[in-house]
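Please read the numbered points beside the sequence and the coordinates shown here.

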Amino acid sequence: MKKGLRKGILISLVFSLAVAVTACGSGDKEAGSDSKKIELLNVSYDPTRELYENYNKAFAAYWKNKTGQEVTIKQSHGGSGKQSRAVIDGLNADVVTLALGYDIDAIQKEGQINEGWQSKFEHNSSPYTSTIVLLVRKGNPKGIKDWNDLIKDGVEVITPNPETSGGARWNYLAAWDYALHQNNGDQDKAKEFVKKLFEHVPVLDTGARGATTTFVERGIGDVLIAWENEALLSLKELGPDKFEIVYPSESILAEPPVAVVDKNVDKKGTREAAEAYLQYLYSEEGQTIAAENFYRPTLESVKEKYKDEFQDIKLYTIDDEFGGWAKAQKEHFSEGGIFDQIYTPGQ
Amino acid sequence: MKTATASNRGVLPGFGLTLGYTILYLSLVVLIPLSALLFNSTGLTWEKFWGVATDPRVIASYRVSFLTAAAAALVDTVLGLLLAWVLVRYTFPGKSIFDALVDLPFALPTAVAGVSLTAIYANNGWIGSLLEPLGIKVAFTPLGIIIALMFIGIPFVVRTVQPVLQELEADVEEAAATLGSSRLRTFGSVILPQLAPPLLTGFALAFARGIGEYGSVVFISGNMPMKTEIAPLLIMSKLERFDYAGATAVAIILLLISFLLLLATNLLQRWMRKSAR
């Protein structure tokens with residue numbers, strides 16, 4: 001018994017030593033080529049998949065050209081809030097490119113991103129923007145022209161639940177802001193408007209893609225409230241003979257922000273490349289890729305080139321209208337917030 | 001002393017070792033994650049807990065979750081018995097394929113099940129379009145949730161009933177028949193008492209699975225607060241706004257009720273076994 005045990009220990013010792021040696025060997029090799037090759041992880045939200053697939057190739061070529069270093073970029077996509085939690089819980093992201101500032105604020109609160117991240121890059125750290133539009137069925141049979149048409153009798157509206165979908169919070173806030181402007185800033189009237197609006201919602205999907213499926217595949221609803229980039233992508237993929245986009249009289253400027261995850265890049269020694277990766281989004285090439293993937297560019301020259309693709313409407317920002325994400329989140333989407341009240345009976 | 005207890009428990013040695021493993025694995029796989037749930041609840045005060053527990057939206061979601069899971073498990077128990085019966089008692093071409101099909105809901109990602117069920121039962125789907133003229137709506141109603149949960153739960157019933165049914169000797173039934181018992185009576189007083197414990201286990205498993213199911217349900221339920229919003233979805237939406245404490249509160253209550261219900265079925269089962277002897 002004892003002898004057997006000792007033998008077992010010996011075998012496992014030899015075995016682990018062998019593993020250690022081979023591990024060291026391969027480690028040395030990697031260390032040798034470290035300066036030539038790095039890897040970045042971009043943790044993003046759902047609809048940016050195609051955008052970053054194209055952008056990553058462009059950036060890798062640019063970076064190789066500039067520094068001689070080979071960079072491979074891995075992407076991770078999912079719901080914005082979910083992705084934010086993954087980074088908080090230890091997903092080793094170098095950069096995050098999410099749907100709303102609130103989700104990056106949450107990472108910053110945990111200390112993984114330094115304070116003041118939103119002023120690190122231009123335009124509130126949002127290299128590309130979008131807005132909220134209305135997607136209707138071809139010919140616009142219900143005659144939808146603006147936000148107030150959504151609460152007309154017999155109109156069914158599809159939008160995801162803003163509690164579970166970061167993207168849908170923009171939808172909700174765009175509707176709220178419209179109602180506020182229509183009623184001279186009367187909060188109660190605005191609340192009544194969104195309450196009525198959500199009475200016209202027959203299905204509350206958990207995410208934007210789910211809502212699109214409900215509207216497009218299941219044939220439910222007359223209007224889909226959607227991000228402009230998603231609406232344009234749907235038109236391109238499903239054919240303009242089935243749907244059309246209605247631009248409301250005003251909407252919200254959706255700013256999906258980007259940030260370097262300071263703690264991770266300092267640990268991995270990838271800060272330089274990570275910062276360049278986000279900075280290059282503002283370049284002519286980066287902006288063109290964003291525009292080709294239906295995000296509104298912020299660089300004037302590219303804006304000018306694509307001005308026919310993106311209709312000019314009155315756009316308001318979250319900061320001006322709601323005093324920033326933290327405040328908007330607290331007032332509207334927290335427990336007992338306005339959205340909660342809409343669905344709680346007796347309120 | 002130790003060997004004495006071990007030999008009391010059975011003919012095979014190694015009681016101490018196996019019990020050690022049992023405790024270790026139960027801890028690693030079940031107990032530690034569950035206790036992490038409690039540790040994660042920083043900021044969960046009694047006041048907050050009570051606030052969540054009495055929130056009408058939370059209560060409504062529990063009602064939806066438990067009622068649909070119970071309904072689905074009940075239907076599964078009847079259908080599962082039927083399926084197991086056919087698979088055990090009859091031979092027909094393609095039987096082994098049918099047998100394998102039963103396990104598919106285990107393997108299929110639940111989201112896939114949810115999406116395909118919704119596609120079929122939506123008003124423009126194959127079955128949904130047939131039901132709509134009759135005024136029956138399945139997708140985006142509680143009925144849709146029940147159907148998704150039935151799909152998820154059916155293998156549990158079949159796989160628990162099947163082995164017991166295989167053990168049942170056909171000659172007992174024949175004996176009952178020669179003694180002049182009607183078919184119904186043979187089923188009622190000879191077969192059913194022996195099948196009751198596995199049926200109850202199957203029901204409990206399908207029920208428990210249904211309470212926690214998230215992936216398939218969110219697609220077909222429509223997720224309307226107070227109407228078709230399930231408790232696990234409420235947990236997700238609380239997590240989505242970084243409300244860990246609230247999510248934990250909902251989860252703890254959900255776990256507690258589930259545990260009590262499962263304990264009750266286990267006790268009932270034990271009592272049935274005893275009285276059957």
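How many bridges join strand 1 of chain A to strand 3 of chain A?

1. The model is predicted. Three bridges join strand 1 (residues 37-44) of chain A to strand 3 (residues 95-97) of chain A, and the two strands run parallel. For A:Asn42, the bridge partner in strand 3 of chain A is A:Val95.

2. These strands belong to an open sheet of four strands in chain A, ordered 2-1-3-9, with mixed pairing. Its edges are strand 2 (70-76) and strand 9 (258-260) of chain A, each of which pairs on one side only. From one strand to the next, the twist averages 20°.

3. Helix 3 (residues 80-88) of chain A lies across strand 1, strand 2 and strand 3 of chain A. Relative to strand 1 of chain A, helix 3 of chain A runs at about 135°.

4. Chain A is divided into domain 1 (32-126 + 256-282) and domain 2 (131-254 + 312-343). Their C-alpha centres lie 29 Å apart. The contact between them takes 13 residues from domain 1 of chain A and 14 residues from domain 2 of chain A.

5. On the side of domain 1 of chain A that touches domain 2 of chain A, helix 3 and helix 4 (101-109) of chain A each supply at least two residues. Helix 4 of chain A provides the largest share, four residues. By class, this side of domain 1 of chain A has six nonpolar, four polar and three charged residues.

6. Helix 6 (residues 166-182) of chain A has 17 residues, which at 1.5 Å a residue should span 24 Å; the end C-alpha atoms are 25 Å apart, in agreement. Of these 17 residues, 15 are buried, so helix 6 of chain A is largely enclosed by the rest of the structure. A:Asn184, which follows helix 6 of chain A, has a positive phi, near 50°.

7. In chain B, the domain assignment gives domain 1 (1-39) and domain 2 (48-276). Taken over C-alpha atoms, the centres of domain 1 and domain 2 of chain B are separated by 30 Å.

8. Between the chains, 22 residues of chain B are in contact with 21 residues of chain A. On the chain B side, helix 4 (56-89), helix 6 (110-121), helix 11 (217-221) and helix 12 (231-240) of chain B are the elements that give two or more residues. Helix 12 of chain B gives the most, with four residues. The side of chain B that touches chain A comprises 12 nonpolar, six polar and four charged residues.

Definitions and conventions: Residues are numbered from 1 along each chain as its sequence is written. Chains are lettered from A and ligands numbered from 1 in the order in which they are written. This is a predicted model: local features need pLDDT of at least 70, side-chain atom pairs count only at pLDDT 80 or more; totals for chains, interfaces and linings use all residues. Two residues are in contact if their C-beta atoms, placed from the backbone, lie within 7 Å. Ala, Val, Leu, Ile, Met, Phe, Trp, Tyr, Cys and Pro count as nonpolar, Asp, Glu, Lys and Arg as charged, and the others, Gly among them, as polar. Domain bounds come from an automatic or database domain assignment. The expected span of a helix is 1.5 Å times one less than its number of residues. A residue is buried if 20 or more other C-beta atoms lie within 10 Å of its own, exposed if 12 or fewer, and partly exposed in between; C-beta atoms are placed from the backbone. Two strands pair if DSSP finds at least two bridges between them. Axes are lines fitted to C-alpha atoms, for helices over the stretch in contact, and angles run from 0 to 180 degrees between N-to-C directions.
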